[in-house]
Amino acid sequence: YSLSKGNRALDELHKAKLQLEESLKVKEQFLANMSHEIRTPMNAIIGFTNLLLKNEFSPENKQYLNAIRTSGENLLVIINDILDFSKLESGKINFEFIQFNFPNLISMLIDLMLPKAVEKKIHLFSALDPNIPDYLIGDPTRLNQILINLVGNAIKFTNQGEVKLSVDIANETEDEIEIKFAITDTGIGIAAENLPKIFESFTQATNSTTRKYGGTGLGLSITKQLVELQGGKIDVTSELEKGSCFSLNLKFEKNSQSEDAILSAYEEFELKFPLEGIKVLLVEDNVLNQMLATKILSNWKCDTDVAENGLIASEKINQHNYDIVLMDIQLPEMDGYEATHFIRNKTLAPTCNTPIIAMTAHAFADEAEKCIKSGMNDYISKPFDEKKLYAKICKVLSKNEKLISNFEKKIVDKTSLPTKQFIDLSYLEKIGNNDSGFVLKMISVFLSQTPDLLAKLGLSIAQQDWEALTINSHKIKPSISFIGLKELEDVIETIEDYSSRGVLLNELPFLFKKAEYICNAAIKELEIEKKKLEN
């Protein structure tokens, strides 16, 4: 009898376990679908609002549009918080282990948060230890999420004063580096009795905090879990009405190999490596998404075919030789996974080895891992960042053995840039009425004066003479615009802006390095043009 009773108990336990697993699957699928369905219209609302804000409106109407955009952004934050919390609850969170440009991540983070700080008249700045390597290996997306959450909170709860992000080396070995991040503010602070529960889910310091500042109370809980799941630790010190300091330590691997020439150059200098002539099969059923992706690919001079579903894609790939496939997941007739299975298992070489990048609006659970296991080479979520898509295409093509020899011929050598990649002499030619002597003289003046002006910029930064830097930045701009150096002009304008306003001063050496690179590349191009004109 006792044995029978024990077996029944085991059966009941097994049934309960199966029911729990099933309910977790249902919950996960529900949240995945909600993510897909909510993000698409919300991004459209925010995107079209941003487009409208570029037009002229009365102050009142502009205020309404700003309110719509802010509400949309706040709603997206809440959606993302709930989705991330659910991922962490179910243990489905995944971390990348990839190379990324660390100073660039910090710089872009500050640029992203600066408008909110300026709006509140708060001084936002970062202090980055220059001994931290430029390239590290870890999860840049999650690091960005952690820092945006903490810096965003600091700005939200600070009404006057400053918010500072300090980044220092805590510990270092030959292969690994531990970095300490500290976000310090002069805000409202947290009472001592509330500090122990500040990282709990759905918790804010007081009820009035939720009413006054909004939010889900999930942000800090998610941040803590993201830090700890990566083997790090996070802490907070605070004093009411004087401010708070959130500090965390995370470990990263050093990049022992030379960085990928394609990705690093693109990320650091935003060079446009030629994808001209690359034949792309875009598998996408949404007409608007088709139009958007086709336009972006045409800007890169790719040759693009469109398939509205996986079935059409399987027919087209048997008829044409494509260099790469951009594959949506949710498709009629035959979905992205089925189409990938067909390409990998039902076609002959070299078609079966065609690189495939998944493009999906799903932003939940194991989507990336599922795509890779199904035979795809990489994954990008929608709405996609075109720079990330470009970099992923370059990465996938450069690793494909069948294409590498052809593709490498198209890769720009950093030390030998093609003519007129940076410069544009059309303005000089126009105002000179195609007088080659005038153009030659202007080029000669640029070549003789610019290196000295650039050296003065570097010296001003080294001496931290921000007034001189503002003056020298202003001096160099006219000659840059004459030569059509738009990329360099943008960088110099940023340097002038930061130095004149006294913001983001620690970012200036990195910006100068970028300016120096572009300028040296332009000088090489101009020397070629000069020789042509002299002959």
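Modeller: Before we start, pLDDT is the predictor's confidence in each residue, on a scale from 0 to 100, and the structure above is a predicted model.

Biologist: How many contacts beyond four places in sequence does the model have for residues 202–216?

Modeller: Over residues 202–216 the pLDDT stays under 50. Where pLDDT is low, the predicted coordinates should not be read in detail. With that caution, the number of contacts that the model has for residues 202–216 beyond four places in sequence is 26.

Biologist: And how many contacts does the stretch of residues 256–273 have beyond near neighbours in sequence?

Modeller: Residues 256–273 also call for care, as their pLDDT is below 50. For the chain as a whole, the mean pLDDT is 77, and 75% of the residues reach 70 or more. Beyond near neighbours in sequence, the contacts that the model shows for residues 256–273 number 45.

Biologist: What percentage of the 535 residues in the chain is buried?

Modeller: The chain has 18 helices and 12 strands, and its accessible surface comes to about 28,400 Å², with 53% of that area belonging to carbon and sulfur atoms. Among contacts between residues at least 6 apart in sequence, those joining residues at least 24 apart make up 71%. Of the 535 residues in the chain, the buried share is 45%.

Biologist: Which strands stand at the edges of the open sheet of 5 strands?

Modeller: The order of this open sheet is E9-E8-E10-E11-E12, with parallel pairing. A strand at either edge has a single partner strand, so one side of it is left without a neighbour in the sheet. The strands in that position are E9 (303–307) and E12 (378–381).

Biologist: Turning to salt bridges, are lysine 224 and glutamate 228 buried, partly exposed or exposed?

Modeller: The two side chains meet in a salt bridge at 2.8 Å, N to O, and both residues lie in helix H6 (residues 219–229), 4 residues apart, about one turn of the helix. Buried means under 20% relative accessible area and exposed means over 50%. Because lysine 224 has 25% relative accessibility and glutamate 228 has 41%, both count as partly exposed.

Biologist: In which helix are lysine 456 and aspartate 452 separated by about one helical turn?

Modeller: Their side chains meet in a salt bridge at 3.8 Å, N to O. Lysine 456 is partly exposed at 38% relative accessible area, and aspartate 452 is partly exposed at 44%. The two are 4 residues apart, and therefore separated by about one helical turn, in helix H15.

Biologist: Is glutamate 496 buried or exposed?

Modeller: Glutamate 496 and lysine 477 meet through their side chains in a salt bridge of 2.9 Å, N to O. This pair links distant parts of the chain, 19 residues apart, with glutamate 496 in helix H17 (residues 486–501) and lysine 477 in helix H16 (residues 466–483). Because its relative accessibility is 16%, glutamate 496 counts as buried.

Note on methods:
Residues numbered from 1 in each chain as written. Predicted model: local features only at pLDDT ≥ 70, side-chain atom pairs only at ≥ 80, totals over all residues. Heavy atoms only, no water. Salt bridge = Lys/Arg side-chain N within 4 Å of Asp/Glu carboxyl O. Buried < 20%, exposed > 50% of the residue type's maximum accessible area, 1.4 Å probe, protein only. Contact = heavy atoms within 4.5 Å. Areas by Shrake-Rupley, 256 points an atom, 1.4 Å probe, with all protein chains shown as cover. Pairing = 2+ DSSP bridges.
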